[in-house]
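Student: Could you walk me through how to read this model, feature by feature?

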Amino acid sequence: MAAEMDFTTPLPDKEHSLHLLHEMLRIRRFEEKSAELYSAGKIRGFLHLYIGEEAVAVGAIAALEADDAIVATYREHGHALVRGISANSIMAELYGKQEGCSHGRGGSMHLFDAATRFYGGNAIVGGGLPIAIGLALADKLQRRPRVTACFFGEGAVAEGEFHECMNLAALWKLPVLFCCENNLYAMGTALKRSESETDLCLKATSYEIPAWPIDGMDVVACEDAARRAVLAVRSGEGPFFLEFRTYRFRAHSMYDPQLYRTKQEVEEWKQRDPIATLEQRMRENRNLDDDDLGLIETRVAAEIADAVEFAEAGSWEPVEALTRFVYSERAAR
Amino acid sequence: MTSQANLIRTTYREAMRQAIREAMQRDPRVFLMGEDVGRYGGSFAVSKGLLEEFGPERIRDTPLSESAFVGAGIGAAMGGMRPIVEIMTVNFSLLALDQIMNNAAAIHYMSGGQFNIPLVIRMTTGAGRQLAAQHSHSLEGWYAHIPGIKVLTPATLEDARGMLWTALEDPDPVLIFEHGSLYNMEGDLAADAGAVDIDKAVVRRPGTDLSLITYGGTLDKAIRAAGDLAAMGIDAEVIDLRTLRPLDTATIVDSVTRTHRAIIIDEGWRSGSISAEITARIMEHAFYELDAPIERICTAEAPMPYAKHLEDAALPQPAAIIEAARKMVKGDG
């Protein structure tokens, strides 16, 4: 395995460090609440939690501009929150209410938002990559200096679509930032049990795409790497591949007894909790005290309480509207 | 329509090429991509000469990556372009079925109407050229099963010339199936022929004794059969469905209500086919109008054979249409 890039990135200033911590805590608490609501029967279907992986979305998305695009996977609550889709509309979507960001049509796996250029929530592994290629192609053809960030898990590299898209993105020099979230397990299948070559960056570099492995538990490293990569992509150098080495603390979804990994392994990774790690570094740098943390937790708790209240108060779409949006109601823009 | 003086001699292939050319000229967002559409000139020579006219950015050769370039078309459409994606043949489209079904057909709905996908996918369909079991099938009926897309089957020069622009103007994904045996079809077309509607079936030959309901590559066979039947004193009406989704039930029912008999000619396999769907709709809407059971003439339920005599035997042929019609009308088949 290639060594993880050591950026020895210094902590950003207090304000930005607090922002990163705040964003990670928003995801963590939002999802803890979601799991609770799932157990209470308020949320149904599949619910895939991102807990443990927060540093990746927070770091990578911090490097994007407002008019860049994001294509994500079915484990995308964190990306959606960080991108600026309101906790209210995400929670309402998890409830299946029509006030949800996908009008109650998508649920947890299919969060969409035109205003923030958030192109889903794709629940076919690898299925979002071709879309990202196309969004980037549209930008290139229209001479817009925009970047499309495409998130996918390491399981996607086994799909043919991954290889087709690596090739096409490199061949056409498309402005795509490939963000591979390597949490080591494709559902229950360990990377080493499914790939003959487990160095994922090699796969990208074999297509002439520059690639870095990043410590995905270190939000500062994630942001720093993403900023450098985005700069290269935006300057027209073609795609970039970042492998964020991370770990999912919770089950794959809500129905997973986790027979494929040991409790000890999970505990070891929890020692590298991205939130605790940043907290600790900030405290060491005297950038964080109990008051700061208390303030953040209070703000996050209020935001999530609001979101639950909003979702509870939301309305069910009338069944007469069941087939609305199968086809467009207006001409294309 | 214009006067006889303004007719030009053309082929289906040239009409389609002219449609692409005109779309490229009218709208700078339109571009064509697919395997061998550029340098090679199109595997069926539809796009021959367009590379020289519009350049490699808009006449874009792709690698053999159906899933990636169809998905790229979806992304580019969401990114503001008007892509025409060419898939060499319908059998190859199965490699992109994930993108067509899970993304193109679903995203408008899944996103609660936020994103629409003005994408056109063209592909060759059908048999009759001894291309055997991986280049000859008629899967347009399959695609017509999918809500969220539209399925067009141009069978005439007017439709080859006119359906593309309307499809590009449509806010939703449109699949155009071009029967391979039609490309060399020659005839007169109005010099100023342009866009046509894509949601209505058309009576190509009015008749009173029975309705021959068909589309695409079998339209000509039905019209020839109707000519022979006329000589036998049977006046057959021929319906060209033109669009398989949405299916124009009203035109079918109206015809059957007048003729009281129907034969459906479909190059797809019989089981679970568009012919089965049409049969069901007639039963639902015109059961009491029928004087005889509906007949279907479909392709034999086998992978397409190579040998000419076997392929001919597998496909719907005018002789079978005539025999069924005689039996149905005169009871003396």
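Student: How many helices and strands are in the secondary structure of chain B?

Tutor: This is a predicted model, and in it chain B has 13 helices and 14 strands.

Student: What box do the C-alpha atoms of chain B fill, and what radius of gyration does chain B have?

Tutor: Along the principal axes, the C-alpha atoms of chain B fill a box of roughly 60 × 50 × 40 Å. For 333 residues, a compact globule would have a radius of gyration near 20 Å, and chain B agrees because its value is 20 Å.

Student: Which domains is chain B divided into?

Tutor: Domain 1 of chain B covers 8-190 and domain 2 covers 202-330. The centres of these two domains of chain B, taken over C-alpha atoms, are separated by 26 Å. Where they touch, 23 residues of domain 1 of chain B are in contact with 24 residues of domain 2 of chain B.

Student: Which elements supply the domain 1 side of that contact in chain B?

Tutor: On the side of domain 1 that touches domain 2, helix 7 (140-143), strand 6 (150-152) and strand 7 (174-179) of chain B each supply at least two residues. Strand 6 of chain B has the largest share of this side, with 3 residues. By class, the domain 1 side divides into 10 nonpolar, 10 polar and 3 charged residues.

Student: And how should I read a pair of packed helices?

Tutor: Two packed helices are described by the angle between their axes and the distance between the axes. Take helix 10 (residues 249-259) and helix 11 (residues 274-286) of chain B: their axes come within 10 Å and cross at roughly 65 degrees. The crossing of helix 10 and helix 11 of chain B is right-handed.

Student: Which residues of helix 10 and helix 11 of chain B meet?

Tutor: From helix 10 of chain B come B:T249, B:I252, B:V253, B:V256 and B:T257, and they meet B:I278, B:R281, B:I282, B:H285 and B:A286 in helix 11 of chain B. This contact has 6 nonpolar, 3 polar and 1 charged residues.

Student: At what angle do helix 4 and helix 12 of chain A pack?

Tutor: Helix 4 (residues 87-95) and helix 12 (residues 290-313) of chain A pack at about 45 degrees, with their axes 8 Å apart. Helix 4 and helix 12 of chain A are therefore oblique to each other, and their crossing is right-handed. Among the residues making the contact are A:M91 and A:Y95 of helix 4 and A:I304 and A:F310 of helix 12 of chain A. The classes in this contact of helix 4 with helix 12 of chain A are 9 nonpolar, 1 polar and 2 charged residues.

Student: Finally, how many residues does the contact take from chain A and from chain B?

Tutor: The contact takes 36 residues from chain A and 36 residues from chain B. On the chain A side, strand 2 (118-122), helix 5 (128-141) and helix 6 (160-171) each supply at least two residues. Helix 5 of chain A gives the most to this side, with 10 residues. The chain A side that touches chain B has 20 nonpolar, 11 polar and 5 charged residues.

Conventions: Residues numbered from 1 in each chain as written. Chains lettered and ligands numbered in written order. Predicted model: local features only at pLDDT ≥ 70, side-chain atom pairs only at ≥ 80, totals over all residues. Contact = placed C-beta atoms within 7 Å. Helix = DSSP H or I, 4+ residues; strand = E, 2+ residues; numbered from the N terminus. Nonpolar A, V, L, I, M, F, W, Y, C, P; charged D, E, K, R; others polar. Axes fitted to C-alpha atoms, helices over the stretch in contact; angles between N-to-C directions. Parallel < 35°, antiparallel > 145°, perpendicular 65-115°, else oblique. Left-handed = near helix turned anticlockwise from the far one by under 90°. Domains from an automatic or database assignment. Rg over C-alpha atoms; globule rule 2.2 N^0.38 Å.
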